[in-house]
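Please look over the sequence and the model shown here before reading on.

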Amino acid sequence: MQAINPRPLYENEGTEQAAFQRAVIEQLKSDPRRPKSFYLSTMGCQMNARDSEKLKGILLSIGAREVPEDQEDLVIYNTCCIRENAEQKVYGRLGYLKSVKRKNPGMKIVLCGCMMQEDTVIEKIKKSYPEVDLIFGTYNLYRFPELLQTVLETKDQIIDIWDKQQEIVEDLPSVRKYSFKASVNIMYGCDNFCTYCIVPYVRGRERSREPENIVAEIKSLAESGVKEIQLLGQNVNSYGKGLENPISFAKLLEMVHQIDGIERIRFMTSHPKDLSDELIEAMGKLPKVCPHFHLPLQSGSDRLLKAMNRHYDQEKYLNIVRKLKETVPGISLTTDIIVGFPTETREDFLETLKVVREVRFDGAFTFIYSPRIGTPAARMQQVPEEESKKNFAELLKVLEEIGEENNRQWLGRTVLVLAEEQSKNDSTMLSGRTPHNQLVHFVGGPRLIGQMVEVTITETTPFYLIGKQKNLLD
Ligand code: 5AD
Ligand code: SF4
């Protein structure tokens with residue numbers, strides 16, 4: 001067992017680190033021991049998806065090719081810990097990998113991501129899964145080339161977990177999933193400490209990237225053909241607060257809006273407590289910013305919102321929704337909702353349903369509360385699972401009814417769809433998203449992928465739309 005301890009930081013560490021890691025990548029390229037193939041599994045949210053693009057960029061740069069099954073040279077799991085079942089999946093997979101590695105002892109197993117920032121997880125892996133070769137966390141992902149090199153040189157289990165964020169390291173290789181749309185981190189971490197949430201413990205304090213770096217990245221993406229940008233942060237509304245020259249998220253949107261070639265701008269996630277009128281006004285006047293807002297509600301009950309440490313109540317939430325709907329007519333609203341938070345009563349849940357019915361969300365990520373060790377809510381009075389499950393099913397039903405009614409209004413209308421990929425079940429169909437972020441399936445060939453296509457909606461379902469290219473309609 002070997003733990004690598006981080007060196008102390010010094011000025012310009014970010015830039016120097018990137019140069020150093022790039023030099024290691026150069027060495028790895030000609031190292032005969034380097035993995036020739038890799039399998040990468042990504043769990044969890046958009047942050048992890050973006051981190052995986054960086055991991056993949058590094059692996060492709062050293063000359064490894066991606067394979068669809070976790071049986072070859074290198075297997076890497078980028079993990080999530082937001083709910084317990086995400087963690088159970090990883091342990092299940094490790095059990096399976098144990099037998100694969102017996103047959104293929106040269107295989108390297110790598111674990112990274114949020115789950116690795118939990119002490120209890122590291123203890124368990126050390127004790128029960130010695131076949132894991134490398135573990136690193138969320139703060140030192142940029143050191144992956146260096147850590148990989150160490151793995152090739154030793155048989156020990158390498159564990160490199162930092163308990164604090166370091167300077168943001170820019171300019172590492174990364175591969176984008178799509179050539180026409182891209183996610184861009186604008187900030188990392190979260191300071192909100194919602195009482196159910198483990199993110200602030202595993203992703204650290206909020207820190208923003210410099211706007212110049214963000215703009216430079218997006219300009220270069222636009223030059224390479226990217227049309228749609230998604231700005232990513234756990235709480236984009238507090239973007240820019242800690243910078244030497246503080247700047248608001250609305251100002252950043254204006255800067256991104258000026259970049260030629262970018263046609264659509266999206267962002268995730270907004271916390272209702274920090275949502276400024278300046279941002280709502282910016283949404284109204286910047287046409288490239290898509291008419292869609294993801295605004296996590298979590299609960300409609302004022303008592304629970306307080307217990308969750310959310311710093312808003314139902315009235316404040318509904319006021320924001322009103323302003324958004326006034327400023328951007330027809331705006332699509334989506335949300336996150338937790339059912340079964342400690343002490344939740346039927347009355348609390350009915351408050352949530354009330355808000356759902358009033359706002360008429362176009363979509364929602366819904367979760368049954370999962371206690372996370374170390375968070376305050378895990379120590380509160382838990383509620384019976386049966387009750388949560390019943391309420392959860394009721395919530396899904398209401399959301400589905402609303403989704404169906406909302407979507408039906410699109411029947412016969414023509415929408416601009418950015419065609420993203422061929423449909424998994426039917427290769428004659430393409431799927432893509434409207435400015436309102438609705439998923440649309442329509443008949444079309446692969447040459448349309450990456451293009452804006454006018455599609456007339458011919459059928460609707462609660463969760464997606466079906467249409468035909470406008471100029472092909474008979
Ligand atoms: N249990 C259930 N859902 C959770 N979320 C965060 N923590 C938990 C938890 N412990 C949900 C919240 C958040 C989304 C990303 O995940 O709704 O907005
Ligand atoms: Fe978690 Fe709350 Fe931060 Fe979102 S805002 S990441 S729910 S602590």
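**Surroundings of Asp362**

In this predicted model, Asp362 touches Ile331, Ser332, Leu333, Thr334 and Asn406, when residues up to four places away in sequence are left out of the count. The points below place this residue along the chain, and then turn to the strands around E20 and to the protein overall.

*The loop residue*

- Asp362 belongs to the loop that lies between helix H12, residues 346-359, and strand E15, residues 363-368.
- The relative accessible area of Asp362 is 29%, and because a residue counts as buried under 20% and as exposed over 50%, Asp362 is classed as partly exposed.
- Although Asp362 and Glu401 are 39 residues apart in sequence, their C-alpha atoms are 10 Å apart in space.

*Strand E20 and its partners*

- Strand E20, which covers residues 465-469, is mostly covered, since 4 of its 5 residues are buried.
- On the parallel side of the pairing, strand E18, residues 439-443, is joined to E20 over 3 bridges, and Val440 stands opposite Leu465 in E20.
- Strand E19, residues 452-460, runs antiparallel to E20, and 5 bridges join these two strands, with Thr456 standing opposite Lys468 in E20.
- E19 and E20 also form a hairpin, in which 4 residues lie between the two strands.
- As a general point, the side chains of a regular strand alternate between the two faces of the sheet.

*The protein as a whole*

- The protein contains 13 helices and 20 strands.
- Its radius of gyration is 23 Å, close to the 23 Å that the globule rule gives for 474 residues, so the protein is as compact as a globular protein of that length.
- The C-alpha trace of the protein spans about 60 × 55 × 50 Å along its principal axes.
- Of the 474 residues of the protein, 56% count as buried.
- Among contacts between residues at least 6 apart in sequence, 74% join residues that are at least 24 apart.

*Surface and charge*

- The accessible surface of the protein comes to about 21500 Å², and 50% of this surface belongs to carbon and sulfur atoms.
- The protein has 63 positive and 67 negative charges, and the mean positions of these two sets are 3 Å apart.

Conventions:
Residues are numbered from 1 along each chain as its sequence is written. Chains are lettered from A and ligands numbered from 1 in the order in which they are written. This is a predicted model: local features need pLDDT of at least 70, side-chain atom pairs count only at pLDDT 80 or more; totals for chains, interfaces and linings use all residues. Side-chain values use heavy atoms; hydrogens and water are left out. The radius of gyration is taken over C-alpha atoms; the globule rule is 2.2 Å times the number of residues to the power 0.38. Buried means under 20% relative accessible area, exposed over 50%, partly exposed in between (1.4 Å probe, protein chains only). Contact means heavy atoms within 4.5 Å. Accessible areas come from the Shrake-Rupley method with a 1.4 Å probe; for residues, only the protein chains shown count as cover. Lys and Arg count as positive and Asp and Glu as negative; His and the chain ends are not counted. The place of a charge is taken as NZ of Lys, CZ of Arg, CG of Asp or CD of Glu. Two strands pair if DSSP finds at least two bridges between them.
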